[in-house]
Amino acid sequence: MSTLAKEFGIDKALAQLGLQETNHGTSTGNQHFGSGPEIKSSSPVDGAAIAKVTTTTQEDYEKVIASAKAAFMEWRVIPAPQRGEVVRQFGEELRRLKEPLGKLVSYEMGKSYQEGLGEVQEMIDICDFAVGLSRQLHGLTMHSERPGHRMYEQYHPLGIVGIISAFNFPVAVWAWNTALAWVCGDVCVWKPSEKTPLCGVACQQIIAGVLKKNNLPEGISCLINGDYKVGEMMTTDKRVPMVSATGSTRMGRIVASTVGERLGKSLLELGGNNAIIVTPDADIKMTVIGAVFGAVGTAGQRCTSTRRIIIHEKMYDKVKDAIVDAYQQLKIGNPLDENNHVGPLIDQDAVKNYQKALKDVVDQGGNILVEGGVLSGQGFESGCYVKPAIAEASNDMAIVQHETFAPVLYLLKYKGDVENAIEIQNGVDQGLSSAIMTNNLREAERFLSHAGSDCGIANVNIGTSGAEIGGAFGGEKDTGGGRESGSDAWKVYMRRQTNTINYTTELPLAQGIKFDL
Ligand code: NAD
């Protein structure tokens, strides 16, 4: 354990979470196994090794699926409110372990400690939501065209839900899926990102304790670990009727076609290219806070990070100067130190992508306003710390059309009506999050109308980043079309059944068809 890790209490956090130097990356509840090669979990904060996690072999995977299938037989017949009670207890455990888990998220992934705590809070929030939901899960009743008939629909669990998650939300995305899937009566198998495997082991230990206390089958929560090949075990497996996959659009295309080929369901939460429109009626102070947090928070590694600011020409210089000025105040460094605003990128590959984007933006005619660069020297030994950069660009540049998962912000200018800004905002392949900063009701409503933003999330006077769990979360176009979390997103974890009951002594056919014997 590094000196920095000890100084910030990572050793204590790991002990509280029951983590070892080497951890089994495959488990069904409390049964830990996994004989595949180890992955090293190392921190982008200081480059130090944290622990090792074993990966999942095909043989291990078969054991997991057998256990999950057996668990489903029991879990699906437990009344939903009782399943909700288990999720409630899980939420209580998360409250108890919020600090150590938030610290591990921060140290293994590199986001600020505050954001690490926020991620655990999202897990707690979705548990609370799911508990209430467990007394609902309602279908509709409808009037039958036949006399003496009753018609209604109900929702049943699907079975095994496979979850594939990205590195940047190493715990919350799993909880968004599992908390809902569990109250719906499904069992879950999770493959976390190979870049943040320890967070996966920590979460699994927490739920395993709850399952054990309630004497419930192990296979309700299963963990598998490894790279895309382990993910493929689920995407190609007919025994997994649904796969929820969060990650890049590149990954989503492969997952969608693999799962689609076997007519499974997939829920896709993929990349974004999110923009804030700044109109002549915008509040500049609010705009700057929203834009800067959106662009540099989590070092630009949120799916909802602000990548483009589309500013009206009348406001352009004012907004540009204010944002550039705010960038000068940013403190980059150890994300566990709450004085810093910007932590590291996840790894050296991410740094290379960032450097390439900065080169591309210049090659494609952009104008750098705030220089980027990789930081070195004391405190930056991991080589993953980069300076947030800003460039003036245009929407048709290839690099602007692309999601660079790093703090690179593009300023774009629009003229005339808000429609022109909306056209630029929609003029990318991705469709996750969007925002408008304006005090003008007409502009705001046009942005929110059916001719407005084409994204899954459209905000007024709020940035693009940071969603509440109560709404359905997800995006359109290359973002994949999936919705998770709040609203009626639970329906995707269930199968719908339409029931018609005849309580007469006749058998009339629908559409008045005559069939007399
Ligand atoms: P990634 O696509 O490299 O990996 C994501 C996960 O998919 C990992 O667990 C990986 O092992 C797995 N995977 C990759 N190829 C696979 C395959 N062929 N079959 C099965 N599994 C496969 O993404 P990343 O670098 O970890 O995360 C960053 C990306 O995730 C960004 O594009 C970001 O926008 C996106 N993201 C989207 C959301 C959202 O809700 N829309 C949330 C978080 C992250």
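Let's start at the ligand. There are 28 residues around the ligand, and the ones that come nearest are Ser-165, Glu-194, Ser-248, Leu-270 and Glu-403. Keep in mind that this is a predicted model.

With Glu-194, the side chain does the work. One of its N or O atoms is 2.7 Å from a ligand oxygen. Then Ser-248. Here a polar side-chain atom lies 2.6 Å from an oxygen atom of the ligand.

How much of the ligand does the protein bury? Taken alone, the ligand exposes 860 Å², and the protein buries 92% of that.

Next, the site. The ligand sits in the largest pocket. Two elements give two or more residues to the shell: helix H9, 228–235, and helix H10, 249–261.

Last point, the domains. Why does the ligand lie between domain 1 and domain 2? Domain 1 covers 3–270 plus 480–496, and domain 2 covers 274–470. Both give residues to the shell, so the ligand lies between them.

How values were computed: Residues are numbered from 1 along each chain as its sequence is written. This is a predicted model: local features need pLDDT of at least 70, side-chain atom pairs count only at pLDDT 80 or more; totals for chains, interfaces and linings use all residues. Side-chain values use heavy atoms; hydrogens and water are left out. A residue is near a molecule or strand if one of its heavy atoms lies within 4 Å of it. A polar contact is a pair of N or O atoms within 3.5 Å; within protein, one must be able to donate a hydrogen and the other to accept it, and residues adjacent in sequence count only if both atoms are side-chain atoms. Accessible areas come from the Shrake-Rupley method with a 1.4 Å probe; for residues, only the protein chains shown count as cover. On a 1 Å grid over the protein atoms alone, a cavity is a set of points where a 1.4 Å probe fits but cannot get out, and a pocket is an open set with protein on both sides within 12 Å along at least five of seven lines; lining residues have an atom within 4 Å of a point. A molecule sits in a cavity or pocket if more than half of its atoms lie within 2 Å of its grid points. Helices (H or I, at least four residues) and strands (E, at least two) are DSSP runs, numbered from the N terminus. Domain bounds come from an automatic or database domain assignment.
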